Amino acid sequence: MLTDPSLQESARRWRERDLAVLWHPCTQMREHPDVLPLVPVERGEGAWLFGYDGRRYLDGISSWWTNLHGHAEPRIAQAIARQAGVLEQVILAGFSHAPAVELAERLLAIAPRQEGRAPLAKVFYADNGSAGVEVALKMAFHWFRNRGEARRTKFVALENGYHGETLGALAVGDVPLYRRVYAPLLAQALFTPSPDAYQAAPGESPAQCAQRAADALADLFDRHPGEICAVILEPRLQCAGGMRMHDAAYLRRVRELCDASGAFLVADEVATGFGRTGTMFACEQAGIAPDLMCLSKGLTGGFLPLSAVLATQMLYDGFLDDSRERAFLHSHSYTGNPLACAAALASLDIFASDGVLERNRATAARMAELAAPLAAHPHVADLRQAGMVLAFELTRGGDRATPFDPALRVGLRAYRAALERGVLLRPLGDVLYWMPPYCVDDAQLRLLAEATGAAIEDATACA
Ligand SMILES: *Cc1c(COP(=O)(O)O)cnc(C)c1O
């Protein structure tokens, strides 16, 4: 697809300047620009990204799962501009500001609730998902230390889980590509089998698979009595692990097991929060509430980095003391940044004014309809969906026992093929998925489906 030569020249120049100075995230830089095209983006609007090359790209992955209501959404942009003219940043130790207070009130009001359980009652801010995870882990550990339970030092995490890239978050992550190199640096966590329905044994239902994984967790608790301070997991959907989904019954069992052993349950809703899986938070689908909940990514509608860790009153109270050592002395310079909080408040307003969750139900149904023909492709397996996330595996003959040779880089081929058709997909290995901004319209969804179909053809033709 050719565009104006002067625009092509402009894009070329940006690429050159970029590669002269930038080191990109999650990228083997040697692949730029020959194996991996580099797309300089000038502006965004709704679900579109507009390149300097004069082409537009449909953002099929919400720019790493952050964007909710569309790029450059005017109401959020205005809220940030307004706040910037009033108060851009203030130290949050000893000082306070309205957006931080208001956002905390509103997050607590919509947080998952469970009958008979004290609700989440306090909000601690950090500035990205990984930092939020670190906060939750440190809080859980420190709470037991304050209680004199010095043996409670172990974290349980799920196989195939992902919680971020900093060393503490990486220690409870189990995606080999990100973890393996740094393994010698990482604190020891206890890993328990994932309830991932794709890994079900032959003939096993997703519910049975979840049951088996929960039994394994029960065994783990038995083997480490009084040693586990928290279980951390991504409820309903292991995102970076390949958009793998599990039965909600698993979460109810985990909740019970944590309660029985006195360990905390940390729900990492960094990616699943804010309507991604169909409900405001994924925990709601199991009817459970966690002791700690991490939010980031969509928190600001995808505009600014911010994370929030929600904790119960009991957790909070465990730090009240005359000693400073017993306090939670964790901070980040930009903790609770007013601009980010203002963006988050504007995003929550949009949920209410635009009836976003309800509209998403119709959008999700349309996604299912458009994806159904893709499931019939001979190399497609396990097309699955949770709300605004739809995913499937590319595997030889559609058989989970015969994945494609990783050297073929089927996912990368799909990425390039979709990009040529004006759609940004970013497969996780050989898993293709759709996670569009919520404002995506029908014509855009049709383009997404067409480009995905073509990408599957191109990617698997080599194999
Ligand atoms: C992305 C992600 C994180 C890390 O968030 P960053 O802002 O990228 O540090 C943590 N947990 C989950 C479940 C995520 O998807």
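Biologist: In strand 16 (residues 431-434), which residues lie on one side and which on the other, and are they buried or exposed?

Modeller: This is a predicted model, and what follows describes that model. Strand 16 (residues 431-434) has Val-431 and Tyr-433 on one side, while Leu-432 and Trp-434 are on the other. These four residues are all buried, so both faces of the strand are covered.

The next point is the partner of strand 16. Strand 14 (residues 389-394) pairs with strand 16 in the antiparallel sense, over four bridges. In general, strands of a sheet pair through backbone hydrogen bonds, either parallel or antiparallel.

The residue numbers place both strands in a domain. The protein is divided into domain 1, made of 5-72 and 356-460, and domain 2, which covers 80-354. Strand 14, at residues 389-394, and strand 16, at residues 431-434, therefore fall within the 356-460 part of domain 1.

Glu-393 forms a salt bridge with Arg-384, at 2.6 Å from N to O. Both ends of this pair are out of the way of solvent by the accessibility criterion: Glu-393 counts as buried because its relative accessibility is 6%, and Arg-384 counts as buried because its value is 8%. Glu-393 also meets Arg-244 in a salt bridge, at 2.9 Å from N to O. A network of salt bridges links Asp-196, Arg-244, Asp-382, Arg-384 and Glu-393.

Now to the two domains together. Their centres, taken over C-alpha atoms, are separated by 27 Å. In domain 1, 33 residues are in contact with 28 residues of domain 2. As a general matter, the size of an interface is often given as the accessible area lost when the parts come together. Here, domain 1 and domain 2 bury about 2600 Å² between them, with 62% of it on carbon and sulfur atoms. The count of salt bridges between domain 1 and domain 2 is one. A search of the whole structure finds 26 salt bridges.

An open sheet of seven strands has the order 4-12-11-10-7-5-6, with mixed pairing. Its edge strands, each pairing on one side only, are strand 4 (120-126) and strand 6 (190-192). Neighbouring strands of this sheet are turned by 20 degrees against each other on average, direction ignored. Helix 9 (residues 249-261) packs on the sheet and touches strand 5, strand 6, strand 7 and strand 10. The direction of helix 9 makes about 170 degrees with that of strand 7.

Strand 7 (residues 228-233) is mostly covered, with six of its six residues buried. Strand 5 (residues 154-158) runs parallel to strand 7, and four bridges join them. Within that pairing, Lys-154 stands opposite Ile-228. Strand 7 also pairs with strand 10 (residues 264-268), in the parallel sense and over four bridges. There, Leu-233 stands opposite Ala-267.

Lys-154 belongs to strand 5, and its relative accessible area of 27% makes it partly exposed. Leaving out residues up to four places away in sequence, Lys-154 touches Leu-190, His-224, Glu-227, Ile-228, Cys-229 and Ala-230. One of these, Leu-190, is 36 residues from Lys-154 in sequence and 7.1 Å away in space, C-alpha to C-alpha.

Asp-291 pairs with Arg-255, their closest N and O atoms being 2.9 Å apart. This links distant parts of the chain, 36 residues apart: Asp-291 is in the loop between strand 10 and strand 11, and Arg-255 is in helix 9. Asp-291 is buried because its relative accessible area is 8%, and Arg-255 is buried because its value is 2%.

A further salt bridge joins Glu-149 and Arg-152, with the closest N and O atoms 3.0 Å apart. Here Glu-149 counts as partly exposed, at 24% relative accessibility, whereas Arg-152 is buried, at 9%.

Conventions
Residues numbered from 1 in each chain as written. Predicted model: local features only at pLDDT ≥ 70, side-chain atom pairs only at ≥ 80, totals over all residues. Heavy atoms only, no water. Buried < 20%, exposed > 50% of the residue type's maximum accessible area, 1.4 Å probe, protein only. Helix = DSSP H or I, 4+ residues; strand = E, 2+ residues; numbered from the N terminus. Pairing = 2+ DSSP bridges. Contact = heavy atoms within 4.5 Å. Axes fitted to C-alpha atoms, helices over the stretch in contact; angles between N-to-C directions. Buried area = accessible area lost by both parts, 1.4 Å probe. Salt bridge = Lys/Arg side-chain N within 4 Å of Asp/Glu carboxyl O.
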